[in-house]
Amino acid sequence: MLRFLSILVVSCLISTSFSGPHAQGQISSEVLVYSVSGTDRIPTFEVEGQEMLYLNALAPLIQLQIEENSRPDTLSISAESANIILTEDQQVVSVNGRLISLRSAPRIFRGQWAIPLEFLGRVLQPIYSNTFDFRSSSRLLVLGDAHVPKISSVYLRGADYDRLTLEVTPSTSYNIDQDERHLTLQFDASGLDILDFPLLNGELVANFEQLAESPNISISFGPMFDSFSISSQQLTDGGELLSIELVSKNFAETDASAEEVASLNSDVRPNTLPTPLPDFSNKKQIRSVAIDPGHGGNDYGSQGINGTNEKDITLAIALQLQQVIENRLGLDVILTRDRDETVDLDARAAIANNNKADLFISLHVNSSARPSAIGAEIFYLSIDEYSSEAQELAEHATAPVPVVTGGSRTINMLLWDVAQIGYVEQSAHLSLIVQNELKQRIEMNPQPIQQAPFRVLVGANMPAVLIELGSIYDPTEEYRLTSDRFQTAVVESLVASILKFGEDLGQWDQMGPQNSQEQE
Amino acid sequence: MTEAIKSSRLKWNKTWSYVVCTVATIILITWIAGSFFKDGQQVSVRNSDNGAEASSPQNNQLQKIDLYYISEDGSALVKHEVEVSKTETLLAQARIVAEQQLQQPEAPLLTPFPDGTKLRAFYLAPNGDAFVDLSQEVSLAHPGGSLDEIFTVYSLVNSLTGNFPDIHAVQILIEGKEVDTLAGHVDLRRPLGLNMKWVSGDDSLLLSTEGL
């Protein structure tokens, strides 16, 4: 009986130590290796939370010469002309006498030398230079002359057509194969490094996938698919943008003119709303608009991976917007900056206030630490952070002041540095209008309208919004943000928004604080 | 002889009285000083700029706290519970939490703070306003972007106001100075209170931290 119990306990201990999601040495993933001779897979496993791989699995692929040393806890490796020395449990590796630190140490695991995944990028990649390309995020190792282009994708969904944009870096030739149910892009490459798959389950496209280990992408059509067109554009960084327009049966059945169909081969959707002329019969119309191109001068704002600066995009759009508003609507436009110069945040609101602008639109471009956060967002002021000022304003909304001619007059009090508090409701309405116009033309963030205590908004003495037009962090978005068609779409959206807001303003009872009123 | 004895007793009594008075005075001063500095509340602004107070953990006791990181889809902050050493004072404890919030977490958690951001000093005012003095990297190395700037600010504000009810608001300073913003967006001219609207309540956004 005692013997049976002992066996049971030992069995339990053994099974516990080798089970569970984070058991030592359990195969967790793999590194896919592309070379001109084909594809290999190197399994990886976790040891104390670190992803490792066996050196012996990698050695034959890159001709590593491994020599055991007299000391069992060290290992010498010859790679190309470099001599690498590993020491067990030491987070420092010697390469030709130069020390390279690692976050986790090589170790002997189950009788074999295991190296952390970062060893590939930090130690081996500099040695092999152009013939060794480790892509940690996609767990790909590209060796020799193997060609594995990176592909990022953006899918824009529309009412009548969708657009799938693929950025292929470097540019790679491809063939198109189509049958009734599928469109297949066959790239002339060893493999594909697809950074992200768009989430598709729509009427037009049912699925988007890479065919197993091949350099082919397959797009499965949905029930409403009618036709497609592909256009491409070379990028300055050696990449290429493929824009695939997928037209719905609904759209194909309408009386769409040839021009409308042709215009679908653009980066952004055409302006589907005709721009009406402004109604000048309304007394509470908009006469001037302050446009604030975010950042400038020493303040570059967000920066894209290809070197695009937020300050340049916002200025380019602001200058176009100024021209269109002045020419088409006949309104005054006040720019807080019309060149690449540094302008303080409080000066921007002051420029708008001093010129008695009726609207304040601040243009920005976003950047996110997470690449999935893309699309336009509109912000208006959150007043929770200014509750004491709001309370003061509520308690002292008006005050009598003596005048030289005798008597007094009542003025509306305005806390100059928090002037926006009186316009939050109108700013919220403006945000909604801008969102409705933008979403017809460009991609929106899933949370398109937000409130925040933004410095540039709080001092604006008029309805004010800050628009983040997209994320420059994403290379495809970065390219899109600089394209003429995208910028034109933004300009058209904002012009339409100004018109719509002007119409609604006529129905607004309260215009915020009036300048002053004489008291009898 | 009797006079001599009386004189001697008088001397002894005088000496004894001095001793008693001196001891009583020392005890009184010690008690007053002790009560004054007991919890630091009487000090107008408490300063912990060298972390000395943080180095006196209470018998290895641990406190569970919530830190905030960027969600996997980049659209919100998510809570992440950790345990830190418990210390004697609110000031020291809050400083530990602020330092912990600035640390780089393990993947998949993603910090909203740029690399190299350091806590220079931490102050606590009697009205519950905390002043967190950060190194210039928080501004110079910030990637920009409204939402990420919001996440940077409110991860710190929420980790202090959310974990310590006695801290009502937090103002971020950079290199000892008040600033307008970190990267051109969020107004930092006044202390900011807890704001959970930037924190995801959607479980689908929560990061998997299993095994961390």
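Between chain A and chain B, 11 residue pairs are in polar contact, both residues having pLDDT 80 or more. A polar contact is a pair of N or O atoms within 3.5 Å; within protein, one must be able to donate a hydrogen and the other to accept it, and residues adjacent in sequence count only if both atoms are side-chain atoms. The model is predicted, so local features need pLDDT of at least 70 and side-chain atom pairs count only at pLDDT 80 or more, while totals for chains, interfaces and linings use all residues. Residues are numbered from 1 along each chain as its sequence is written, chains are lettered from A and ligands numbered from 1 in the order in which they are written, and side-chain values use heavy atoms, with hydrogens and water left out.

**The interface**

Five elements of chain A each supply at least two residues of the side that touches chain B: strand 24 (359-366), strand 25 (376-381), strand 28 (444-452), helix 10 (455-458) and strand 29 (464-471). Strand 28 of chain A gives the most, with 4 residues. Helices (H or I, at least four residues) and strands (E, at least two) are DSSP runs, numbered from the N terminus. In total, 31 residues of chain A are in contact (heavy atoms within 4.5 Å) with 33 residues of chain B.

The two chains, A and B, bury about 2400 Å² between them, and 47% of this is on carbon and sulfur atoms. In chain A, the residues that lose the most area to chain B are R370(A), E385(A) and R455(A), together 27% of what that side buries. Buried area is the accessible area (1.4 Å probe) that two parts lose on being put together, summed over both.

S367(A) is found in the loop between strand 24 and strand 25 of chain A. With 3% relative accessibility, S367(A) counts as buried; the term means under 20% relative accessible area, whereas exposed means over 50% and partly exposed in between (1.4 Å probe, protein chains only).

**Salt bridges**

Side chains of opposite charge can pair when their charged atoms come close. A salt bridge is a side-chain nitrogen of Lys or Arg within 4 Å of a carboxyl oxygen of Asp or Glu. The whole structure holds 22 salt bridges over all chains, and the count between chain A and chain B is 1. Several examples are listed here.

| Pair | N to O distance |
|---|---|
| D180(B) and R455(A) | 3.2 Å |
| R139(A) and E51(A) | 2.0 Å |
| D338(A) and R339(A) | 3.5 Å |
| K500(A) and D504(A) | 3.1 Å |

R139(A) lies in the loop between strand 11 (132-135) and strand 12 (140-143), and E51(A) in strand 3 (residues 50-54), so their pair ties together parts of chain A that are 88 residues apart in sequence. K500(A) and D504(A), by contrast, are 4 residues apart in helix 12 (residues 484-505) of chain A, separated by about one helical turn. K500(A) is partly exposed at 35% relative accessibility, while D504(A) is buried at 12%.

**Aromatic pairs**

There are 6 aromatic pairs over all chains. Rings of Phe, Tyr and Trp (its six-membered ring) pair if their centres lie within 6.5 Å; planes under 30 degrees apart count as stacked, over 60 as edge-to-face and the rest as tilted. F45(A) and Y54(A) form a tilted pair, 4.6 Å centre to centre with 45° between the planes. Both F45(A) and Y54(A) are buried.
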